[in-house]
Amino acid sequence: LVSSRGYCDDTMIMAESLDDIIVMNEVVMEFCKNHHFKMNIKDKSYLTGRNGDGTEIKANFQLKWGEQNITKVPSSQAIRYLGAYIAADLSWTKQISTMNASIMHVVANLRHKKTTLLQGMLIIREALGPKLEIGLRHAYIPMQILDSWDTWLISALKQRVDIISRQCEDS
């Protein structure tokens with residue numbers, strides 16, 4: 001009989017060596033077994049990083065969770081963690097690309113008149129801002145990119161203002 005259920009999501013284990021990772025993995029597996037916990041690692045758990053000498057983890061190294069292999073990814077591959085795309089090589093390319101796509105979606109909708117000026121302003125304030133917040137808080141984004149995003153958004157909003165003012169003049 002289970003009186004309650006819960007889950008733990010978005011956890012990370014970091015270590016100085018693969019031997020330490022193996023030991024921590026075994027401790028967690030034993031803990032889960034003793035407390036009747038289950039973990040779904042399929043497509044959710046990854047092993048990534050570099051050896052102490054800076055080389056990638058050997059291709060033939062395999063970490064297991066019970067009988068399942070934990071997916072190994074190169075340190076350059078971004079993994080979604082706590083709402084942001086992070087990579088062990090400290091590249092923010094995937095996160096910046098995702099944020100850029102969100103901004104361009106709003107810009108395109110404004111420019112192609114799929115949203116009104118008011119809708120665009122509300123979307124930027126109530127949806128886009130919060131969506132970008134995690135990346136803006138954690139990712140290193142070069143100032144040139146931030147300036148471009150500002151320019152695109154301001155330009156699209158200004159274009160909608162100009163359209164509205166021309167419509168008012170024609171009336």
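Which residues in helix 1 are buried? Ile21, Asn25 and Cys32 are. Buried here means under 20% relative accessible area, exposed means over 50%, and partly exposed is in between, with a 1.4 Å probe and protein chains only.

A word on the source. This is a predicted model, where local features need pLDDT of at least 70 and side-chain atom pairs count only at pLDDT 80 or more, while totals for chains, interfaces and linings use all residues. Residues are numbered from 1 along each chain as its sequence is written, and side-chain values use heavy atoms, with hydrogens and water left out.

Back to helix 1. Helices are DSSP runs of H or I with at least four residues, strands are runs of E with at least two, and both are numbered from the N terminus. Helix 1 covers residues 18-34, 17 residues in total. From first C-alpha to last, helix 1 reaches 24 Å, close to the 24 Å expected at 1.5 Å a residue. That expected span is 1.5 Å times one less than the number of residues.

Now its two sides. Ile21, Asn25 and Cys32 are the buried ones. They cover an arc of only 35 degrees around the axis, so they sit on the same side of helix 1. The arc is taken from the directions from the helix axis to the C-beta atoms. What do these buried residues pack against? Strand 1 (46-47) and strand 2 (64-65). Contact means heavy atoms within 4.5 Å. On the other side of helix 1, Asp19, Val27 and Lys33 are exposed. After the helix comes His36, with a positive phi near 60 degrees.

Next, salt bridges: a side-chain nitrogen of Lys or Arg within 4 Å of a carboxyl oxygen of Asp or Glu. How many does the structure hold? It holds 3. Arg50 meets Glu56 at 3.6 Å, N to O. Arg50 has 47% relative accessibility, so it counts as partly exposed. Arg125 meets Glu126 at 2.7 Å, N to O. Arg125 and Glu126 are both exposed. Glu133 meets Arg137 at 2.7 Å, N to O. Glu133 and Arg137 are 4 residues apart in helix 3 (residues 117-138), so about one helical turn separates them.

Last, the rings. Ring centres of Phe, Tyr or Trp (its six-membered ring) must lie within 6.5 Å to pair; planes under 30 degrees apart are stacked, over 60 edge-to-face, the rest tilted. The count is 1 aromatic pair. Phe31 and Phe37 form it, edge-to-face, 5.6 Å centre to centre, with 70 degrees between the planes.
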